[in-house]
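Thanks for coming, everyone. Let me put the model up, and then we'll go through a few of its helices and strands.

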Amino acid sequence: MTAPLRIAVVADIHHGLPSHTKRGDAGLDLLARFVAFCNAERPDLVLDLGDRISDVDAQTDARLEAEVAEVFRDLDAPIRHVCGNHDRDHLSVEENAAILGAPLASEVVDLGAWDVALWRADAKIHRDRPRPGFDLPEADLLWLSRTIQAATKPTLVVTHVPMSGHAQTGNYYFQRNPHLATYPQSERVRAALSQARVPVVALAGHVHWNTVTTVDGIPHLTQQSLTESFTTAGDPAEAWGMLELSDVVRWQVFGLDPFEATVTPTARRWTPPLAPFFTELAAE
Ligand SMILES: [Fe+2]
């Protein structure tokens, strides 16, 4: 049996001033520790799941993003970034790409036994609408659908915004704002994932907690933020993860909010859910 592929993961660095329970003041020091961890562990790939900063304004955000990019430059392993909503509040995708020195269009990275589909779907929160929130461009959905239909080997799908639509009960940010925890089009996103004829695992940041939610045979993982403190009594979680991909997927999150899971993705899809039991519930 060949050695598993190893992917080191950091989510929601939020470098900047502390904001709510985000300890952004610790972001750069903790990121430097994550980079040292990666250089010692020598993973095949490093993933940054986005929200590198806590946004202020365009000028400040460009400086904060550049400070994060500077720390990432010490990495020995290859890295891929996605943008989170805070990276997009005042900066465009192109501005983020210029600062990181890396393209930020959706792409598939071939790691041999597995593909990594970096689904860089638009992560901007539209605040100028009666109901502010994400809005998935059709072109992003089509990229995901076509990529998943064409997949010929196990695929890790990576994005900032979770695709599972999992419950947010107990989440500091999202219990009372659940519509901001996923795309309004998330049912279509999951339908696209379900087109896979190969095992699929989904990985996201954004919700600042460690979770596994399996939908239609596809395990969805969300990883705790590097600097979040709502689960750690005010201290930054110091969370980063290591994913080991083979026939099974082993995921370990280190730090003050540790988590470990082993999932076995398959190409087998589930029986579709029943209709509502009582017709008066059908309209709800
Ligand atoms: Fe975040």
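Is the crossing of α5 and α6 left-handed or right-handed? It is right-handed.

Some ground rules. This is a predicted model: local features need pLDDT of at least 70, side-chain atom pairs count only at pLDDT 80 or more, and totals for chains, interfaces and linings use all residues. Residues are numbered from 1 along each chain as its sequence is written. Helices (H or I, at least four residues) and strands (E, at least two) are DSSP runs, numbered from the N terminus.

Back to that pair. Helix α5 covers residues 138-150 and helix α6 residues 186-193. Their axes come within 8 Å and cross at roughly 20°. Axes are lines fitted to C-alpha atoms, for helices over the stretch in contact, with angles from 0 to 180 degrees between N-to-C directions. α5 and α6 are therefore roughly parallel to each other, a label for angles under 35 degrees. Who makes the contact (C-beta atoms, placed from the backbone, within 7 Å)? From α5, Leu141, Leu144, Ser145 and Ile148; from α6, Arg188, Val189, Ala192 and Leu193. By class, that is six nonpolar, one polar and one charged.

Next pair: α2 (residues 58-72) and α4 (residues 93-100). Here the axes come within 9 Å and cross at roughly 40°. That makes α2 oblique to α4. This crossing is right-handed. Ala62, Glu65, Ala66 and Ala69 of α2 meet Glu95, Asn96, Ile99 and Leu100 of α4.

Now the strands. β1 (residues 5-10) has five of its six residues buried, so it is largely enclosed by the rest of the structure. Buried means 20 or more other C-beta atoms within 10 Å of the residue's own, with C-beta atoms placed from the backbone. β1 runs antiparallel to β10 (residues 240-245), joined by five bridges. In that pairing, Arg6 partners Glu244. β1 also pairs with β2 (residues 45-48), in the parallel sense, over four bridges. There, Val9 stands opposite Leu47. Pairing requires at least two DSSP bridges between the strands.

Last, an open sheet of six strands: β4-β5-β6-β7-β9-β8, with mixed pairing. β4 (107-110) and β8 (211-215) are at the edges with a single partner strand each, so one side of each has no neighbour in the sheet. Inside the sheet, β6 (residues 155-158) and β7 (residues 200-204) run parallel, joined by four bridges. Thr155 stands opposite Val200.

Note on methods. Angles under 35 degrees count as roughly parallel, over 145 as roughly antiparallel, 65 to 115 as roughly perpendicular and the rest as oblique. A crossing is left-handed if the near helix is turned anticlockwise from the far one by less than a right angle, and right-handed if clockwise. Two residues are in contact if their C-beta atoms, placed from the backbone, lie within 7 Å. Ala, Val, Leu, Ile, Met, Phe, Trp, Tyr, Cys and Pro count as nonpolar, Asp, Glu, Lys and Arg as charged, and the others, Gly among them, as polar. A residue is buried if 20 or more other C-beta atoms lie within 10 Å of its own, exposed if 12 or fewer, and partly exposed in between; C-beta atoms are placed from the backbone.
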